[in-house]
Amino acid sequence: MSTQHGAAATGRERSSAIYAEDLSKCYRIYRKPIHRLWDVVFNSRSYDEFWAVRNVYLDIPHGSTVGIIGENGAGKSSLLKLLTGITTPTTGRVEVQGRIASLLELGAGFHPEFTGRENIRLNCAILGMTPEETAERFQRIVDFSELGDFIDRPVKTYSSGMYVRLGFSVAATVDPDILIIDEALSVGDEHFRGKCTNRLNEIREQGKTVVFVSHDMGAVKSMCKWVVLMDQGKVLEQGTAEQVADTYLKRAKARGNERLSMVHRGKSEYPRWGSGEVEVVHFEMLDEHRAPTHVIQTGRPYSIRMVWKAHRECANPVFGVGLYRTDGTYLNGSNHQWREQPIELQRVVPGDEGEVEIFVERMPLQHGQYYLTLFLYDHSKASPTAIDHREHVLTFEVLDVDRAQHGMIQVPSRWTLTRRGPSGTSALESQR
Amino acid sequence: MTLARLYRSLRRHAPLVGNFVDKDLKGRYIGSTAGFFWSLVQPLLSLATYTFVFSFVLDSRWSAQQPTSQVVLMMYLGIVTWGCHAEIVTRSTGTLIDNGNLIKKVVFPSEILPAYISMSALANLLIGVALVLLGTLVFGYAFPAADPTPPDWLPSPGERGFEPLRLGLSLLSVPLLLALHLGFSLGLGYLLATLNLMIRDVGHFTSALITIWMFGTPIFYPEAMVRERGFGWVVDLNPMAWLVEAYRGAILFGHWPEPLMLAKLALVALASLWLGTRFFFKAQHRFADFL
């Protein structure tokens, strides 16, 4: 099926797989359900407008892999629906050359009562394939999905992972000219994800066009050379992955900071206890430019700074900080005495004040949310007693755009690799 | 032209329509344990119920004027005809919402939905008609029923127009009747499907309408009875009444449909189909937004 909606092939020959001009989509929010009818029948105007996509220009050449990125509600899905022709644009037009297969949402295009097999037939028919074409690919789709006996059960009994498997198997096997994937790949097990990535690479190598949509910059960056950044229905920036990642990061930082500092503005709901001889009056995280922040990038320097004040005499106050993941996993704890070169603060008297700062050269954590807990304890007694203990004193987010390593932490490492063979011997090395 | 567009689309998406009809019929006939059996038993059950209510409890005069075998066949034919109409109209009304997952998330030719429903309904109707034809053979030829002895107050058989069951060339008109029937019901189906997207209350309205409409159609009582009581306009304005009578004449008694009725029916069916599809296609590009 050659999907060409909007104004079809214009006089000149286009080399774009997808071309969109001044594309906008306005949803009408009706105050009362009946207004819908009046609108259709009489073109009455009793609705509020919501512009999900606004004045978008896109030119995606054949054979490219393009990422569309933006926060939730940025208009990515609305844009995709316009590109695939599911909805019609309010203004502008779309030209598409070739068959589009899309994987828009979990279970999109499936009939819940149909079995996996029947849904495969249904989907192939929707994509405009003849029964012969379907029959030819049928077994490949079934094999790829690895659904086993579930292929003969209604898809309403499927888990979300199974949905994705079936959906991806169909979309990837029908030999589309353009494949549109809307972050569906994030579901499913590691094994199937690997298979999907392989298949995607094959499709790209065949010179097909792939449009990949996500709110995860890391995932987009690893797949796409060209990235379109959307916000509030508009294209904020489009360019190479590096350029756009930069803008995206700035925005994500600003947004994360805004959200997290909002959280910290209110009175803390987490417990705080201690005898109170010394008080930490201020606690913050600083980025490499020494600006207070709640968002830090993996591998970059940062510091934790606190300001203290002594109200009463105290024999041996020790400042410590604990690092936790939001699920409560204790990742790291340290204080100024547990060091190769311990700091000896000794006795403080009323009126003393000062600052503590912990400098970290490289943020070792990968993408996620974390929090800090303050431990100010008196170590002069047999067992340390709390002076000022503050649970959850600061929440912060770590952004990781490079995705150099997987997992929870980044481990700086050096790799060597040697090869000996008839063609000679070589020793390869990577420092970072 | 709207109808040409519908035709082209149905032809292009024939495999897709086939999928849906196949699944639908299989679901009905294979899914349940008794399967196929139910499609026969269901009308038979309603036949038994209505025969009991109308002939024995309410003593509708039909039973006194005609042999029971004829009454039963006439009622059965009426029930399956109506069943086909009701199925198309009610199922079409909800079909866009039921298949919202397809319409909202993939490029889906939604116009095939009411079409596949009517094809599946037609299959059921054909089974019913086949059964009636069998009955006509049995009760018209193998065991012809004599005119029952009329009560004293009725005129003699000849005067009140008793007719034996008869298979005739008029059967050739059945395909035409079927086409007009489907056109009429399908047009309504398209209209109500679209309306139901805009106002969800339409679904409730449809089920109420179908019930009232059924009793306004001479399925369980003879048409003449309505006329006698002065409600002739009810059947005159009801295309389903025309259809039921025409089917009965053509299948049971070898009567050709009246040309005037046929012309009216053709006009109404075309108008229904044209208006329904026009309205449907006009709103179709916004279905995904409505859902």
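**A tour of chains A and B**

Begin by showing chain B and chain A together: between them they bury about 2,600 Å², with 62% of that on carbon and sulfur atoms. Buried area here is the accessible area (1.4 Å probe) that two parts lose on being put together, summed over both. Next, select Lys23(B), Lys105(B) and Val107(B), which supply 23% of the area that chain B buries against chain A, more than any other three residues.

Before going on, note that this is a predicted model, in which local features need pLDDT of at least 70 and side-chain atom pairs count only at pLDDT 80 or more, while totals for chains, interfaces and linings use all residues. Residues are numbered from 1 along each chain as its sequence is written, chains are lettered from A and ligands numbered from 1 in the order in which they are written, and side-chain values use heavy atoms, with hydrogens and water left out.

**Across the interface**

Now select the contacting residues (heavy atoms within 4.5 Å): 28 residues of chain B meet 33 residues of chain A. Two salt bridges cross this interface, a salt bridge being a side-chain nitrogen of Lys or Arg within 4 Å of a carboxyl oxygen of Asp or Glu. Zoom in on Lys25(A) and Asp289(B), which form a salt bridge with their closest N and O atoms 2.8 Å apart. The side of chain B that touches chain A divides into 16 nonpolar, four polar and eight charged residues; Gly counts as polar in this grouping.

**Along chain A**

The chain A average is 83, and 94% of the residues score at least 70. Then select residues 1-13 of chain A, where the pLDDT is below 50; beyond near neighbours in sequence, this stretch has 29 contacts in the model.

Colour by domain next: the assignment for chain A gives domain 1 (16-99 + 176-251) and domain 2 (272-399). Their C-alpha centres lie 44 Å apart.

For a last stop, pick Glu202(A) and Arg199(A), whose side chains meet in a salt bridge (2.8 Å, N to O). Why are these two separated by about one helical turn? Because Glu202(A) and Arg199(A) are three residues apart in helix α6 (residues 190-205) of chain A, helices being DSSP runs (H or I, at least four residues) numbered from the N terminus.

Technical notes:
pLDDT = per-residue confidence, 0-100. Domains from an automatic or database assignment.
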